[in-house]
There are 2 protein chains.
Amino acid sequence: MSLDAVLSRLDAEMPKATERLFELLRIASISTDPAYKSDCERAADWLVADLQSMGITAEKRKTPGHPMVVGHADGPGPHLLFYGHYDVQPVDPIELWNNDPFDPKLEQTEKGPVLRGRGTADDKGQLMTFLEACRAWKAEHGALPCKITFFFEGEEESGSPSLVPFMEENSDELRADLALICDTAMFESKTPAIVTMLRGMMSDEITITGPDKDLHSGYYGGIAMNPIRVLSRVIAALHDETGRVTIPDFYDGVPDLSADMQAQWASLGFDHKQFLGDVDLSVPAGEAGVTPLEMTWSRPTCEVNGIWGGYIGEGFKTVLPSQAHAKISFRLVGDQDPHAIRENFRAMVQSLLPPDCTASFVEHGASEACVIDAGDPRFDKALAALSAEWGVPAAYIGGGGSIPIAGHFQDILNTKPLLIGFGKDDDGLHSPNEKYDLESFHKGARSWVRILAALT
Amino acid sequence: MSLDAVLSRLDAEMPKATERLFELLRIASISTDPAYKSDCERAADWLVADLQSMGITAEKRKTPGHPMVVGHADGPGPHLLFYGHYDVQPVDPIELWNNDPFDPKLEQTEKGPVLRGRGTADDKGQLMTFLEACRAWKAEHGALPCKITFFFEGEEESGSPSLVPFMEENSDELRADLALICDTAMFESKTPAIVTMLRGMMSDEITITGPDKDLHSGYYGGIAMNPIRVLSRVIAALHDETGRVTIPDFYDGVPDLSADMQAQWASLGFDHKQFLGDVDLSVPAGEAGVTPLEMTWSRPTCEVNGIWGGYIGEGFKTVLPSQAHAKISFRLVGDQDPHAIRENFRAMVQSLLPPDCTASFVEHGASEACVIDAGDPRFDKALAALSAEWGVPAAYIGGGGSIPIAGHFQDILNTKPLLIGFGKDDDGLHSPNEKYDLESFHKGARSWVRILAALT
């Protein structure tokens with residue numbers, strides 16, 4: 001099998017591949033904001049057309065939310081299922097972007113060329129590495145090396161409400177021998193990786209109400225309870241002095257890291273000073289007595305993702321507000337139960353309220369952590385293919401983010417997920433000026449060519 | 001002197017007086033927001049024209065900010081200085097208004113007719129009670145009963161940056177025998193009052209910075225410090241379990257309430273259940289062991305007037321933000337020093353920061369509390385005039401709000417301030433759907449006629 005011919009074709013195709021990615025990036029498919037509904041439709045249409053242009057049967061499939069895209073390419077050998085998502089995060093604070101987030105650019109930087117724009121790394125650029133690998137393979141050989149099902153979601157950044165029902169209704173169609181997911185990062189900037197451990201997430205929005213209207217802090221200050229003060233007390237109470245989360249039973253189901261895994265992670269030589277230094281920090285801020293890598297991979301967290309209340313405009317207004325709000329999320333590991341944690345979180349908030357204050361909640365999503373057994377010869381083959389492409393030993397690692405679909409592949413489709421991605425820590429996911437290294441895009445696509453060859 | 005003739009003329013004039021007030025209310029003179037600069041100019045022009053229409057010499061006077069309006073009416077007897085402000089608070093949250101805040105209406109309510117709109121009570125309606133009293137007096141008698149200087153400010157709701165320099169530069173022109181200030185409330189809804197104690201204020205805006213950019217809480221959650229968590233801890237630490245403010249030396253200069261004053265306030269029979277019940281609260285939230293009236297009149301406070309950080313839009317975004325912000329103000333009493341408190345507050349915040357986090361501050365204003373010696377026969381005359389108009393004994397009371405100019409009249413002009421206003425607790429100052437009772441407007445103007453007669 002002429003692997004080199006496919007790789008050479010891919011190299012020659014990169015300018016066109018970049019232009020194709022830019023077309024997709026120009027579609028503002030922000031799934032969480034209803035104002036961008038038609039953009040999400042357009043992104044799905046673009047992917048259907050791109051698959052069809054390769055001679056792959058593909059269609060947009062309706063859901064109560066944004067559509068799925070499903071494509072099928074027949075072939076011999078194992079049946080692979082490839083997953084990516086075409087939706088992106090909102091762009092605010094928009095004023096911190098140096099360019100229009102939806103007018104992608106190829107930029108030269110000190111660290112090399114990058115593709116700049118919302119969705120370059122999360123997840124359109126990653127998704128397209130696989131499509132470009134398939135395109136080159138098919139152009140060189142006339143057919144793909146095995147049966148492949150393509151499965152693209154448009155609600156990953158907004159809690160994936162349609163995903164489980166869709167997978168359950170279409171499980172026979174989607175079930176495969178192995179699922180490939182491209183939505184993760186490398187281990188530091190030069191070492192490719194397979195992720196075998198992902199954190200789950202529970203997210204909740206809380207509103208504290210005190211007085212039934214906004215008040216003047218001159219007339220009511222002192223005698224009326226201020227809901228911002230109450231919310232601050234609640235948030236401050238969520239961690240103890242050692243950085244542990246204080247919600248009752250929160251650590252139920254959190255496993256100790258095995259000695260094997262501890263040794264393997266220690267061997268990675270994670271440079272937390274560099275990792276934190278990239279964002280102008282220096283001290284790991286998690287639980288006392290926990291290594292920096294465990295803080296991001298194998299320990300649960302509690303984060304406030306947004307807070308607001310009272311007057312937040314220019315100048316000053318002496319209002320004593322009626323309400324204060326926060327968006328709070330928890331990253332979960334091991335067997336932590338997101339539903340039990342939501343219940344315990346809400347009960348704890350209620351227990352902290354002073355007289356006259358009430359709390360109300362809006363649920364924003366719940367997913368369990370995912371632990372994938374790496375004892376599989378196919379995983380070792382993929383690891384070897386990655387090592388060959390990047391010229392360094394690839395690593396089995398944990399991942400701090402939450403990719404609920406990895407668990408769903410196991411639970412609903414009985415299909416083992418193989419998580420390989422080419423993101424870097426400084427990509428600025430969910431942030432202004434998101435980028436994806438041109439190297440990630442190029443060598444990512446080349447990696448998939450090698451992995452396809454290794455698995456078939 | 002035919003007091004009754006002036007009062008009858010005022011009664012007959014009320015429909016036209018209301019229309020005049022509505023003209024002024026339609027001008028959106030929001031002083032804190034630069035977008036409304038020209039509206040502030042128009043409000044000043046309107047007042048100049050209104051004074052001139054009564055035959056009073058008046059002009060708009062430039063400042064580095066919004067203009068002052070100064071008018072002079074010659075006459076015999078004592079020289080009175082009347083102060084009010086023509087600027088108003090911002091109107092957000094605009095969605096909570098039932099009508100356009102700048103399209104005032106006369107509304108019938110269960111409690112009687114009210115004038116509805118931004119500035120009705122704070123302070124355009126109050127200001128106009130005095131002008132209508134003067135207008136009726138002059139129309140009936142051809143001249144005012146004494147020399148009166150009119151002094152209107154347009155920056156009261158934005159910290160009065162131009163006030164002290166203007167008063168210092170024009171002290172000879174403004175100095176009088178007694179200053180009348182109409183920007184306070186009655187004691188409960190039927191009892192008129194003279195305010196002899198006002199709280200000062202120090203306000204500061206704080207920004208906590210952690211990482212130098214917004215991060216993805218999946219990659220960085222656990223290892224990177226979240227500035228919202230830090231800000232919440234700072235705010236939570238500002239009060240102890242008994243409701244006392246914890247800033248070092250904060251209570252320096254806070255006097256014990258004299259036994260006399262305690263007895264007088266106790267005799268007022270303040271119904272805190274009603275006061276709090278009006279805004280759906282029931283339990284006084286101030287310091288333990290302090291009476292509800294003291295909480296609003298004679299004790300200092302710390303309030304968070306606004307807080308924001310991270311993602312605050314629709315849906316959910318798992319951002320770990322770079323910054324979190326709050327607007328915080330302190331009501332001050334007795335001899336508390338706003339500048340020392342600002343310094344101690346900032347030092348305390350710095351002492352609470354974890355590694356890698358920084359705090360920056362923007363100053364928004366500082367004024368000392370004001371205590372006025374009520375042992376003055378003119379005060380008793382004014383009190384008697386109020387009692388006559390309202391048919392109940394008027395009271396000497398404290399006021400929770402901050403009216404820095406009261407102190408400036410004493411300190412800069414050596415002119416004693418007499419604070420009389422006709423606001424009610426449910427006026428919704430600084431809130432959506434602000435109103436001023438038609439009774440306040442009408443009987444307020446009649447009260448000034450009686451006070452002018454009593455003082456001259």
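A residue is called buried when its relative accessible area is under 20%, judged with the protein chains only. The legends below use this term for a predicted model.

**View 1. Chain A, its buried share and its surface.** Of the 456 residues in chain A of this predicted model, 62% count as buried. The accessible surface of the chain comes to about 16100 Å², and carbon and sulfur atoms make up 50% of that surface.

**View 2. The fold and extent of chain A.** The secondary structure of chain A consists of 14 helices and 18 strands. Its radius of gyration is 23 Å, close to the 23 Å given by the globule rule for 456 residues, so chain A is as compact as a globular protein of that length. Taken along the principal axes, the box filled by the C-alpha atoms of chain A is roughly 80 × 50 × 50 Å.

View 3. Among the contacts of chain A with a separation of 6 or more, 78% are made by residues 24 or more positions apart.

View 4. B:Arg61 belongs to strand β1 of chain B, which covers residues 57-61. Its relative accessibility is 15%, and because buried means under 20%, B:Arg61 counts as buried. The side chain of B:Arg61 is joined to that of B:Asn170 by a polar contact of 3.0 Å. Leaving aside residues up to four places away in sequence, B:Arg61 touches B:Pro67, B:Met68, B:Val70, B:Phe166, B:Asn170 and B:Glu173.

Note on methods: Residues are numbered from 1 along each chain as its sequence is written. Chains are lettered from A and ligands numbered from 1 in the order in which they are written. This is a predicted model: local features need pLDDT of at least 70, side-chain atom pairs count only at pLDDT 80 or more; totals for chains, interfaces and linings use all residues. Side-chain values use heavy atoms; hydrogens and water are left out. Helices (H or I, at least four residues) and strands (E, at least two) are DSSP runs, numbered from the N terminus. The radius of gyration is taken over C-alpha atoms; the globule rule is 2.2 Å times the number of residues to the power 0.38. Buried means under 20% relative accessible area, exposed over 50%, partly exposed in between (1.4 Å probe, protein chains only). Contact means heavy atoms within 4.5 Å. Accessible areas come from the Shrake-Rupley method with a 1.4 Å probe; for residues, only the protein chains shown count as cover. A polar contact is a pair of N or O atoms within 3.5 Å; within protein, one must be able to donate a hydrogen and the other to accept it, and residues adjacent in sequence count only if both atoms are side-chain atoms.
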